[in-house]
Amino acid sequence: MLLDTHTSEIEAILGRYASKRSAVLPLLYIAQDSYGHLTDKAIREVATILDMPHTDVYEVVGFYTLFYNKPMGAWVLQVCDDVPCCYLGAEELITALKDTLGIVEEQTTGDGLFTLQRVKCLAACNRAPVLQANLDYVYEVTPARVGALLDSLRSRVAEAKQRGVSGRFAEDYAFGPDGALVQIERPAETVAAPAAPVAEEVALVAEEVALVAEEVASVAEEVASVAEEAQAQAEEASPTQLAPDGSPAGEMPKPETVTGGDAIPAHAAQQEPPAEPSEEKPAQAGDRSPL
Ligand code: FES
């Protein structure tokens, strides 16, 4: 049972996800590496661990080409037959493998050691022709190197060295000067390389944004100056409005010429002077007649 043989690994994987279902792919990798392929029993076991309907797990297995629900060879040889690898001899390599192993694509050798498949670009075109042996990368595999490759893979099976069927233990291999297959370190820059272009791109975008902002500011300045000019022209063109006293609107009325005393506003000067008080008193009730 996977839970007995991989207890801590499975617990660590489940701890990474809020929902158990999310762990379906890593658990299927463990099952495939443990059982060689995903049997009905293995799929149901994974479904039980994840509290999922086993039909859902079957669907996942059917969807991904790197999950195998039928017996495969101890080594699944996937040869890239995309354009760059083809230019450098992928077809000749496939023919050499078929002739040496006595099988065609999608078949497994009688001893159960090798299954042969064609795949599309493996993203290692600079070292074509490329193949994967259980997802271990093997670079620059020419027909002349097929013998050394198969011998090396056979001896790894005989020595019971760890071989992942899922790519969990994927390594890199190349042929040494003596023609033997040797494990190589995956270059660190393979992982670090994307950082520089991304940073460069971010800097370029920032520069572009600054340029656009500058342009927007200059357009805004132009718009403000045009608006100012338009306002000045409108003020010049509009007819003079007169205030009630005849002076232009907004201007203070002019004071009268001062001849002594306080100045009298023009509008006040046009009014009738107040009536002089009469010297005769009006007769009132109770007044005695002089007679
Ligand atoms: S074309 Fe073969 S690795 Fe890209």
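**Confidence, cores and helix packing in a predicted model**

Where pLDDT is low, the predicted coordinates should not be read in detail. The structure is a predicted model, in which local features need pLDDT of at least 70 and side-chain atom pairs count only at pLDDT 80 or more, while totals for chains, interfaces and linings use all residues. Residues are numbered from 1 along each chain as its sequence is written, and side-chain values use heavy atoms, with hydrogens and water left out.

The average pLDDT of the protein is 82, and 76% of the residues score at least 70. Confidence is lowest in helix α11 (residues 266-269), with a mean of 47, and highest in helix α7 (residues 90-101), at 98. Helices (H or I, at least four residues) and strands (E, at least two) are DSSP runs, numbered from the N terminus.

The largest nonpolar core has 24 residues, of which L77, L97, F114, L131, V138 and L149 touch the most other members. At least two residues of this core come from each of β1 (75-80), α7, β2 (114-119), β3 (131-133), α8 (146-158) and β5 (172-175). Helix α7 supplies the largest share, five residues. A nonpolar core is a set of buried Ala, Val, Leu, Ile, Met, Phe, Trp, Tyr and Cys residues joined through side-chain atoms within 4.5 Å; buried means under 20% relative accessible area, exposed over 50%, and partly exposed in between (1.4 Å probe, protein chains only). Leaving aside residues up to four places away in sequence, L131 touches residues including L77, L93, L97, V138 and L149. A second, separate core of 21 residues includes L2, I13, M52 and F67.

Helices α2 (residues 7-15) and α3 (residues 24-35) pack at an angle of about 165°, with their axes 10 Å apart. The two helices are therefore roughly antiparallel, a term for angles over 145 degrees. Axes are lines fitted to C-alpha atoms over the stretch in contact, and angles run from 0 to 180 degrees between N-to-C directions. Residues E9, I10 and I13 of α2 meet P26, L27 and I30 of α3 in this contact.

In helix α4 (residues 40-49), A42, I43, E45, V46, A47 and I49 are buried. Their cover includes α1 (2-5), α2, α3 and α5 (54-63). Helix α4 is followed by D51, which has a positive phi near 55°.

Notes:
pLDDT is the predictor's confidence in each residue, from 0 to 100. Contact means heavy atoms within 4.5 Å. Angles under 35 degrees count as roughly parallel, over 145 as roughly antiparallel, 65 to 115 as roughly perpendicular and the rest as oblique.
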